[in-house]
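Colleague: I would like to learn how to read a model like this one. Please take me through it feature by feature.

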Amino acid sequence: MVTTASPHSTRQRPRFRLVLATGTAASALVMAGAVVPQAQAQDRALAPSHAQVRAAAAAKDDKGGKKVLTVAVSQSVDSLSPFLAQRLISTSVHRLAYDYLTNYDAKDGRTVPGLATVWEPSADKLTWTYTIREDSKWSDGKQATAEDAAWTFNKMMEDENAATANGSFTANFKKVTAPDARTLVIELKKPQATMTALDVPIVPKHVWEKVGDFSKFNNDKQFPIVGNGPFIISGFKVDQYVKLKPNKDFWRGAPKFDELVFKYYKDGDAAVAALQKGEVSFVQGLTPAQAAALKNTGNIKVNDAPGRRFFALATNPGARSKDGKKFGNGHKALLDPAVRKALFHATDRKAIVDKVYQGHAVEGEGYIPPRFATYFWKPEGSQKVAYDPAKAAKLLDDAGYRKNGSGKRVGKDGKALDFRILCHATDPNDKAIGKYLQEWWGELGIGLKVDCLDNVSDPWLKGDYDLAFDGWSVNPDPDFVLSIHTCSALPATPKDTGATDNFICDKKLDELYAQQAVEYDPATRADLVKQMQSRLYDTGYMNVLTYPNAVEAYRTDQIKSITTMPEAAGNIYGQDGYWSWWSAEPAAGDGGSDSGSSTGVVIGIGAAVVLAVALGLFVAMRRRSTAEDRE
């Protein structure tokens, strides 16, 4: 089968969903680039507000005229190396800076051309041939070729450090070659279902072949960074900002803003205040109170859409490495299935949705969010661990964890069941849910210390935790978020860093993962993915609490239009591609919104658009979607 680009693939801009990374790794986007309406001396009612004046100033550089789209983020960049980065903010930046072989359509998530324009498998599907486009250049002027893609994959196959972030995609590769500049050939050991969804940034060989130790190179010292995506990384300061400039030679067309800035805000209220003042254009990960307040603020549009992320309670299964060594100090009582199940029975997911998210989320069930209907699974009947404190208490009693005279649950060794949970200091939801857990579990006689840290990665990687608030943004193809719970994702040694999320290593999970990975029949593969979710649910190591909505807001006097993914009820931030920021159009000089955008979902359509529609002049362009964001 030969897959080719649609007639519009290189001409129309993709649509993105507005994806908000809430919870653990939520990032806030702030775009600045507005032009404020000019005041007329004769009519004070038409004079711009102070916020509008500030917005105009923020949207321009010191020299004036430069349209800057500022994205407020609360997550720290873990690495600017595509071979190491796993956090949502970092992978989002890489989506902008590097092309991937294929992309996801913003409208429906189907596979569309990226760096590759055509792909064709052999009859046995063990050899895949990709045709690399001729119109992609690296930002230093050199041509992007199949050799760059071959080198990227071969490096991941040969160097385990280069496989840290995306090694699951190449683990089954047998051989990768580039017979000529436009032809990439990948030979597989066995069939692989993700060959049209290889979410791996392709890097320039002539730059990266000079790198020595891939485990230590974070790609954050020399700027601009050579890439071939719609933006070029032009600057970076830890926990301050990442700056990008448009790639004027990007094959799909250059972005319309003059600069894109991801600006770090540790405090969500500070980011919201900056939005209200016009200092930033877009924020995400809003709390219900923040969203409610912004809905009544002029020139601000709130977007509330189903998200592509799950928010979960992860339990330490006993940190270990591939060499068989155990490490960390996780509470041993949590290795008992009865204890894990009791904790989940004592967790009221509906209350979390109603009281913490105030309806801006859906109660958690399976591992894959309901947005991805093909793979969505939920427990039924007796398998479901519903909220039932009485049942939780009985499970603990029957397993030998009884209350002492002080009302504390104690183990067979006489020690009290006192647990710790890792909490992200920048996420108010973590803190709020932590308080509820202290109350609910306290009624069982179980103690809980909520450790809210700026950096949860260090204790997590060391296995020094009992439980943790966890969450990942899921791609249209779920392979990656499934792979992080396999034995092969464990670190090689206790000193190494693996791709594992929570040190889970389960034989049955591995068997199901291996089966779905080689299954090309969509229905059969979907069933295997659902079986894998069922198994993960039964282990009790991952309790999905909610599927948070993408709740975000932006200034309509700065952003004329922007693409959401998916097209209907989608998110802007944290998309599986570059659609939102690439498609964003600055507001016109009068600060209003209209339908001038030829791509993406037009949000905050103003009177000019309504008039254009009435005149039959508004043309709704198709948008493409991409989905790949990790936390």
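Modeller: Start with confidence, since this is a predicted model. The mean pLDDT of the protein chain is 86, and 83% of its residues reach 70 or more.

Colleague: Over which residues is the pLDDT below 50?

Modeller: One such stretch is residues 1-48, which has 249 contacts in the model beyond near neighbours in sequence. Another is residues 590-631, with 177 contacts of that kind.

Colleague: How many helices and strands does the secondary structure come to?

Modeller: The protein chain has 17 helices and 23 strands. Of its 631 residues, 59% count as buried. Among contacts with a separation of 6 or more, 74% are between residues 24 or more positions apart.

Colleague: Now the sheets. How do I read the one that contains E14, and in what order do its strands lie?

Modeller: The general idea is that strands of a sheet pair through backbone hydrogen bonds, either parallel or antiparallel. Here 6 strands form an open sheet with mixed pairing, in the order E14-E20-E13-E19-E17-E18. Strand E14 (361-363) and strand E18 (447-453) each have a single partner strand, so one side of each is left without a neighbour in the sheet. On average, neighbouring strands of this sheet are turned by 30 degrees against each other, direction ignored.

Colleague: How many bridges join E14 to E20?

Modeller: There are 3, and E14 and E20 (residues 542-548) run antiparallel.

Colleague: Is Asp451 buried or exposed?

Modeller: Asp451 has 19% relative accessibility; buried means under 20%, so Asp451 counts as buried. Its salt-bridge partner is Lys449, at 3.7 Å between the closest N and O atoms. Lys449 is exposed, with a relative accessible area of 54%.

Definitions and conventions:
Residues are numbered from 1 along each chain as its sequence is written. This is a predicted model: local features need pLDDT of at least 70, side-chain atom pairs count only at pLDDT 80 or more; totals for chains, interfaces and linings use all residues. Side-chain values use heavy atoms; hydrogens and water are left out. Helices (H or I, at least four residues) and strands (E, at least two) are DSSP runs, numbered from the N terminus. Buried means under 20% relative accessible area, exposed over 50%, partly exposed in between (1.4 Å probe, protein chains only). Contact means heavy atoms within 4.5 Å. Two strands pair if DSSP finds at least two bridges between them. Axes are lines fitted to C-alpha atoms, for helices over the stretch in contact, and angles run from 0 to 180 degrees between N-to-C directions. pLDDT is the predictor's confidence in each residue, from 0 to 100. A salt bridge is a side-chain nitrogen of Lys or Arg within 4 Å of a carboxyl oxygen of Asp or Glu.
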